[in-house]
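Reader: I'm new to reading protein structures. Could you walk me through this one with a few questions and answers?

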Amino acid sequence: MSVIHHVPGCDTFIAYGTILIAHDKNKILRQNYRMSYDLLMRRIKERLDALGMSERKACLTAGVGINTIRHIRVRGHAPKPENLHKLATTLGVPPSYFLEAAVDQAEAKENSLKPVANIETIYVKGFVQAGHMQEAIEWPASDWMPVYAPPDIRYPSIPRFGLQVRGDSMNRVYPDGSIVVAVKLDDLGRLPRTGERVVVLCRSKSGSNEMEATVKKYQIDQSGRHILWPESDDPLYQSPIILDDLAKEHEGQSNDSACEDVCIYALIVGSYRTE
């Protein structure tokens, strides 16, 4: 966050090494704060226009005062952080997108001439974890968690969804707690390509009808076999699933895989993890 420091003994302020000579230091502070609210209003207006929503409707939907946005626009009033948080949720952006604009004067000055980037909401709808059997890949809608990302120009019209990675079955690429972003292969309209990572649904040979959702790296080897590889440094997760062997089993031949039925469900197109 940028900070304006007062130099004792003179009406001079220093902001990021730039010296501002002030005849009226209070006026300069007011101008900087007003500039930050101008940036905030730009961001709010961009989201209102994108959603085709009026200021009043946005306020009512967010559960804040019906004049909250108007007071930012007309009077330059500082909105409460909790109200900005509610507005951000209603307008489909992370709260920081509005909060940073309201408090960071240097960012406001720098970005006032730049176009605001679009941000999309992606919902984390479930988790993937090797060895954990679950009835479905998706949580109830009430448990979905929103994450925010720029549009993916490779798949402009295909819905994306997120999954939380649990455990160490892919920890060389996706450590425990990572979020992977995926698109369904049915929506993509093609099969996975060698080297791509995919979400796999697997039914165990144990007799359970539940499906295990995991992440694997898809490969076609030199013999033309279709293989799903874990990418883990855990000794428990080193064995691949060879899809050709599963096909042979259905024809009456033996197979050492722990899975009976496998469905390559989705293609991973992105991921996020904390450092």
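Reader: What percentage of the residues in the protein chain are buried?
Author: Happy to start there, and please keep in mind that this is a predicted model. The protein chain has 275 residues. The share of them that counts as buried is 40%.

Reader: How many helices and strands are there in the protein chain?
Author: Both kinds of element are present in the protein chain. The count is 8 helices and 12 strands.

Reader: Which residues does Leu 91 touch, not counting residues up to four places away in sequence?
Author: Leaving out residues up to four places away in sequence, Leu 91 touches Ile 44, Arg 47, Leu 48, Leu 51, Met 53, Ala 58 and Phe 98.

Reader: Is Ser 232 buried or exposed?
Author: Ser 232 sits in the loop between strand 10 (226–229) and strand 11 (241–242). Its relative accessible area is 5%, and the cut-off for buried is under 20%. Ser 232 is therefore buried.

Reader: Which backbone oxygen does the side chain of Ser 232 reach?
Author: Leaving aside neighbours within four places in sequence, Ser 232 is in contact with several residues, including Asp 168, Ser 169 and Tyr 237. A polar atom of the Ser 232 side chain also lies 2.9 Å from the backbone nitrogen of Asp 234. As for the oxygen you asked about, the side chain reaches it at 2.5 Å, and it belongs to Asp 168.

Reader: How many disulfides does a search of the whole structure find?
Author: A disulfide is a covalent bond between the sulfur atoms of two cysteines. Cys 59 is buried, at 0% relative accessibility, while Cys 263 is partly exposed, at 36%. Searching the whole structure for disulfides gives a count of 0.

Key: Residues numbered from 1 in each chain as written. Predicted model: local features only at pLDDT ≥ 70, side-chain atom pairs only at ≥ 80, totals over all residues. Heavy atoms only, no water. Helix = DSSP H or I, 4+ residues; strand = E, 2+ residues; numbered from the N terminus. Buried < 20%, exposed > 50% of the residue type's maximum accessible area, 1.4 Å probe, protein only. Polar contact = N/O pair within 3.5 Å; in protein donor to acceptor, adjacent residues only side chain to side chain. Contact = heavy atoms within 4.5 Å. Disulfide = S-S within 2.5 Å.
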